[in-house]
Amino acid sequence: MLGSEPKPHLELLIGPAGSGKTRSAVKRALECAKRGQRVIVLTLPNQRAQFLERLAANGPSLGVEVTNLQNISYRLLDRLGENRPVVLNPGRVALTARILERGLERSVGPGEARLYARAVAECKRFGFVPQN
């Protein structure tokens, strides 16, 4: 949970399942929001809906934003002028297929394109670059 007052800070809740982390986060977020503070709650993408339901069940939640680390990263990159479009895996495979078809002058199936897309991703991850 990110807060803005008196200065920006981060609060991290850790505990086993059922220990009250969500309950505590909802309570703390609403307390801070009532004081006029901006609150950003970071959840895992699959937990966002549940957190929003619990938040809504406790009354108005103006000033509380529920998001995830990926979205926060995109915002920071935007502010720095470094954000570039993200191509998710299906789009990457489709682009790879299109490039292969142009180069090979034949039809390429999704399985073959997926293999090449993974190979390119692995090369990039380990710092391999094409030689001129």
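Which residues line the second largest pocket? In this predicted model, the lining of that pocket is formed by Val-87, Arg-92, Leu-95, Thr-96, Ile-99, Leu-100, Ala-117, Val-120, Ala-121 and Lys-124. The space within the second largest pocket amounts to about 270 Å³. Helices α4 and α5 each contribute at least two residues to its lining, and the largest share, five residues, is supplied by α4. By residue class, the lining of the second largest pocket comprises seven nonpolar residues, one polar residue and two charged residues.

Helix α4 spans residues 89-104 and helix α5 spans residues 110-125; their axes lie 8 Å apart and form an angle of about 100°. Because angles of 65 to 115 degrees count as roughly perpendicular, α4 is described as roughly perpendicular to α5. On the α4 side, the contact involves Val-93, Thr-96, Ala-97, Leu-100 and Leu-104, which meet Pro-110, Glu-112, Ala-113, Arg-114, Tyr-116 and Ala-117 of α5. Eight of the residues in the contact of α4 with α5 are nonpolar, one is polar and two are charged.

The length of α5 was examined separately. With 16 residues at 1.5 Å a residue, α5 should span 22 Å, and the separation of its end C-alpha atoms, 22 Å, agrees with this expectation. Just after α5, Gly-127 adopts a positive phi of about 80°.

The largest pocket contains about 640 Å³ of space. It is lined by 23 residues, of which Leu-13, Lys-21, Leu-42, Thr-43 and Gln-47 are the closest to its centre. Three secondary-structure elements, α1 (21-34), β3 (39-42) and α2 (48-57), each provide at least two residues of this lining. Among the contributors to the lining of the largest pocket, α1 gives the most, with four residues. The lining of the largest pocket divides into 11 nonpolar, eight polar and four charged residues.

Conventions. Residues numbered from 1 in each chain as written. Predicted model: local features only at pLDDT ≥ 70, side-chain atom pairs only at ≥ 80, totals over all residues. Heavy atoms only, no water. Axes fitted to C-alpha atoms, helices over the stretch in contact; angles between N-to-C directions. Parallel < 35°, antiparallel > 145°, perpendicular 65-115°, else oblique. Contact = heavy atoms within 4.5 Å. Nonpolar A, V, L, I, M, F, W, Y, C, P; charged D, E, K, R; others polar. 1 Å grid on protein atoms, 1.4 Å probe; cavity = no way out; pocket = protein on both sides within 12 Å on 5 of 7 lines; lining within 4 Å. Points joined across faces, edges and corners; volume = space filled by probe spheres on them. Expected span 1.5 Å × (residues − 1).
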